[in-house]
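Please look over the sequence and the model shown here.

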Amino acid sequence: MPAWGKFQPSLTTGKRLYHKISREAFEAPDLKETVTSSFGSFISGVEVDHLSETVLQRSKRMILDNIGVGLLGSTSPVFDICLNYCQQMYAQDPVSSVYGRKGLRLSPTLAAFANGVAAHSMDFDDTWHPATHPSGAVLPALLAAAQMLPTNSKPTGLDFLLAFNVGIEVQGRLMHFSQEANNIPKRFHPPSVVGTMGSAAAIAKFLSLNANQCVNALAIAASLSGAPMANAATQAKPIHIGNATRLGFEAALLASKGMEGNVKILDKTLGCFGFSAFYGDYEPQKIAPLEQTRFLLEDQDIAFKRFPAHLGMHWIVDAAVSVRQLATANDGAFSPSMIDRIILRIPVSRYINRPFPETEHEARHSFQFNACSALLDGEVNIESFSENKLQRDSLNELLNKVELQHPEDNVASFEKMYGEVVLLLRNRDVLRGRCDTFYGHWRNPLSKEALLDKFKSNASYVLQQNKIEAIINTVENLEEVRDSSTLTSYLQ
């Protein structure tokens with residue numbers, strides 16, 4: 001008897017010792033019966049005809065806005081750090097463009113990483129509900145992939161829009177599997193998790209992977225996901241988006257080469273955590289057959305920011321601007337000396353409670369800084385986070401007067417929160433300003449003109465007017481574009 005034959009009974013016995021529920025995660029199930037397989041079927045099977053006019057228009061707004069914030073972000077110090085890192089890495093196929101760097105190309109996944117960092121470098125990118133930054137995790141990967149694919153098989157603009165919406169939809173579906181995801185995050189940064197999955201789904205669709213390959217792309221992406229909230233308000237936070245778009249891209253490429261993962265990665269399998277490891281209250285559901293599927297973007301619009309800071313800052317800034325108008329109604333002048341105390345009524349969220357921010361990244365995540373900047377200047381804009389503005393004596397004077405209150409009805413959720421600013425003046429007047437829904441929130445979306453103005457302003461930091469107009473025209477007419485890589489020719 002061969003030596004290996006002596007051990008065969010013990011191998012069989014060992015298999016019996018696996019807990020039955022745990023074993024299910026490792027043995028290939030009937031793919032038609034799982035949550036994960038329903039995602040694979042959706043990604044592989046969905047067609048352009050499933051996109052409504054509302055979804056098309058909303059997604060084009062997202063694409064335009066994300067390109068604009070990415071172009072602006074290419075002027076940031078953190079982008080320079082990451083770009084230098086990418087340029088020092090060996091790349092055999094430098095075919096993909098980088099925002100705002102004329103003539104520079106990187107390998108596709110590194111270009112996706114660099115442009116993803118740019119998109120989030122100033123926290124100016126869009127936000128969805130439940131809370132995540134959906135576009136920056138998907139768009140850079142698709143732009144890089146469009147240049148990667150051979151000339152005779154370039155995806156069209158409609159292919160691009162479909163893949164983009166698949167990536168957005170997968171993120172939204174995963175977030176809806178948890179009630180915890182409805183709140184401002186505490187443990188991990190959502191785009192570092194669902195964004196990676198969305199990027200993998202978008203690229204899998206772009207590459208026309210079959211349903212099994214799409215499942216494997218999601219499984220591989222899950223092993224590349226996650227970043228802690230402790231890095232919020234630091235230079236490390238933008239790489240959460242850079243990594244999401246890059247690593248999801250790589251997951252789809254690996255799946256296309258035959259790599260396999262857990263085919264029940266999205267299912268709730270007791271004894272062996274899959275995607276449920278990220279959420280304590282994870283309750284996944286299958287995606288309905290395509291003829292019954294309605295894209296989440298159809299009913300849940302996107303929030304676009306008017307200035308580059310954490311979304312929660314937009315409530316407190318609008319409240320501060322309104323109370324400032326009351327304080328200056330008589331003589332039009334505002335001075336810190338007129339104020340005795342400033343009360344901010346905000347939800348409890350530790351990482352955006354920063355009384356005396358020292359860096360631009362901390363300032364973008366500080367209720368106190370944004371309220372006081374709005375009181376001093378009547379607005380918050382790109383320049384508000386410059387070193388000169390951060391170091392103003394008048395700003396420090398106001399920051400020392402701030403007190404926080406956390407009313408029970410002010411919930412840490414972008415769907416339910418509000419911002420209120422109360423000024424107690426030295427003349428004993430009490431003034432109040434409150435914002436329940438800021439302009440740019442999904443309940444009060446930016447107009448087409450306002451979004452175009454934001455894009456033009458952001459893009460003007462690195463592009464000439466003719467390229468700015470070319471991007472606008474291309475995105476607005478993306479359904480008619482025969483080669484989606486055309487869009488990348490205007491980004492440098």
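Which element gives the largest share of the lining of the largest pocket? That element is α18, with five residues. This is a predicted model, in which local features need pLDDT of at least 70 and side-chain atom pairs count only at pLDDT 80 or more, while totals for chains, interfaces and linings use all residues. Residues are numbered from 1 along each chain as its sequence is written, and side-chain values use heavy atoms, with hydrogens and water left out.

The largest pocket holds about 330 Å³ of space. A pocket here is an open set of points on a 1 Å grid over the protein atoms alone, where a 1.4 Å probe fits, with protein on both sides within 12 Å along at least five of seven lines; lining residues have an atom within 4 Å of a point. The volume is the space filled by probe spheres set on the points. Its lining has 19 residues, and Phe 124, Arg 306, Phe 307, Val 380 and Asn 381 are the closest to the centre. Two or more lining residues come from each of α13 (313-327) and α18 (448-459).

The second largest pocket has a volume of about 240 Å³. Among its 14 lining residues, Glu 180, Asn 183, Ile 184, Pro 185 and Lys 186 lie nearest the centre.

The chain has 19 helices and six strands, taken as DSSP runs (H or I, at least four residues; E, at least two) numbered from the N terminus. Its C-alpha trace spans about 100 × 55 × 45 Å along the principal axes. Of its 492 residues, 58% count as buried, meaning under 20% relative accessible area with a 1.4 Å probe, protein chains only.

Note on methods
Buried < 20%, exposed > 50% of the residue type's maximum accessible area, 1.4 Å probe, protein only.
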